[in-house]
Amino acid sequence: MLNGGLVGLQAILDELKPSERKAAEYILAHPEEVVELSVQRAAERSGVSEATLVRLARSLNMKGFQELKLRITGDLNKTTAAGSYQEIMIDGPIEAIMQAVSWNNTQSIQDTLSVLSRDEVKRAADALLAARKIDVYGVGASAVIAADVKQKFSRVNMWCEAHADFHSQLTSATGLTGRDVAFGISHSGQTEDIIQSLGEAKRQGATIITLTKFGPSPVAELADIKLFTSSVEQSIRSGAMASRIAQLNVIDILFITTISRSPESVIPALEKSRLAVSRTKRSSSGGGA
């Protein structure tokens, strides 16, 4: 069953206009009730117009209020509640820290599956597979994700470069063409370096892929293909780590989807690189002084 309605509403809450936020807050507070209501009754109870509810659903890339209700129903049928992250108490016992960090990482991955579009993953994989060159841009924590993209795609003989500083990003972007892909990574979607670098890549005709938290943002607005992670975070302590794990999981999904679309060309390269790396590792079988 489709889900992601409650996660999506929570993710874009701060960006909504007052009337739409009022409707979203009502739905988040009364999800079991809302799924039983018509759009007319839901509008009455939330104190907004029917058009506002429709606009709210479309802000989540849904066709209308009916689809939003279906997704909320899917959320309610899940065994874990959307957004149920645990606060990490840094002065708490180690066992509590272990449990909280692991729970939040798992929850972030599950919530991300609710907002990550299968169609956009497919389009991104097709674009990457067809690209002459892949430029990946990320700064700060996102540079770690960008480096992971480079490591994965380089292993299958795809020309992939990761750039962690603005001047390097911009310089590389000026050399892109319509046969290339620029992949911008920014959890906030607000990173100015990424916005400017992707803007230059777009001017050169490159296909733009972005990975941001769910919802509208300047980075996502530049994209031809939008990939999202969940942004339901309760604190800086718990959120920064969980969002990074969710991003890495999306990259894993994208990589496997990409190589599965052309196994005859990429699987041999992947196996070749695996064997080359394995020869550099010592045997664990012992024997000899």
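How many salt bridges does the count come to by this rule? A salt bridge is taken here as a side-chain nitrogen of Lys or Arg within 4 Å of a carboxyl oxygen of Asp or Glu, and by this rule the count comes to 17 salt bridges. The structure is a predicted model, in which local features need pLDDT of at least 70 and side-chain atom pairs count only at pLDDT 80 or more, while totals for chains, interfaces and linings use all residues. Residues are numbered from 1 along each chain as its sequence is written, and side-chain values use heavy atoms, with hydrogens and water left out.

Helices (H or I, at least four residues) and strands (E, at least two) are DSSP runs numbered from the N terminus, and two strands are said to pair if DSSP finds at least two bridges between them. Five strands form an open sheet in the order S2-S1-S3-S4-S5, with parallel pairing. Strand S2 (160-163) and strand S5 (225-229) are the edge strands, each pairing on one side only. From one strand to the next, the twist averages 15 degrees. Strand S1 (residues 134-137) and strand S3 (residues 181-185) run parallel and are joined by four bridges; Ile-134 stands opposite Val-181 in S3. Helix H8 (residues 118-130) packs on the sheet and touches S1, S3, strand S4 (207-213) and S5, its direction making about 125 degrees with that of S5. Helix H10 (residues 166-174) also packs on the sheet, touching S1 and S2, and its direction makes about 155 degrees with that of S1. Contact means heavy atoms within 4.5 Å; axes are lines fitted to C-alpha atoms, for helices over the stretch in contact, and angles run from 0 to 180 degrees between N-to-C directions.

Accessibility was classed as buried (under 20% relative accessible area), exposed (over 50%) or partly exposed (in between), with a 1.4 Å probe and protein chains only. The side chains of Lys-152 and Asp-252 meet in a salt bridge (3.1 Å, N to O). Because Lys-152 lies in helix H9 (residues 141-154) and Asp-252 in helix H13 (residues 236-260), the pair ties together parts that are 100 residues apart in sequence. Lys-152 is buried at 14%, whereas Asp-252 is partly exposed at 34%.

Asp-14, Arg-21 and Glu-25 are linked in a network of salt bridges.
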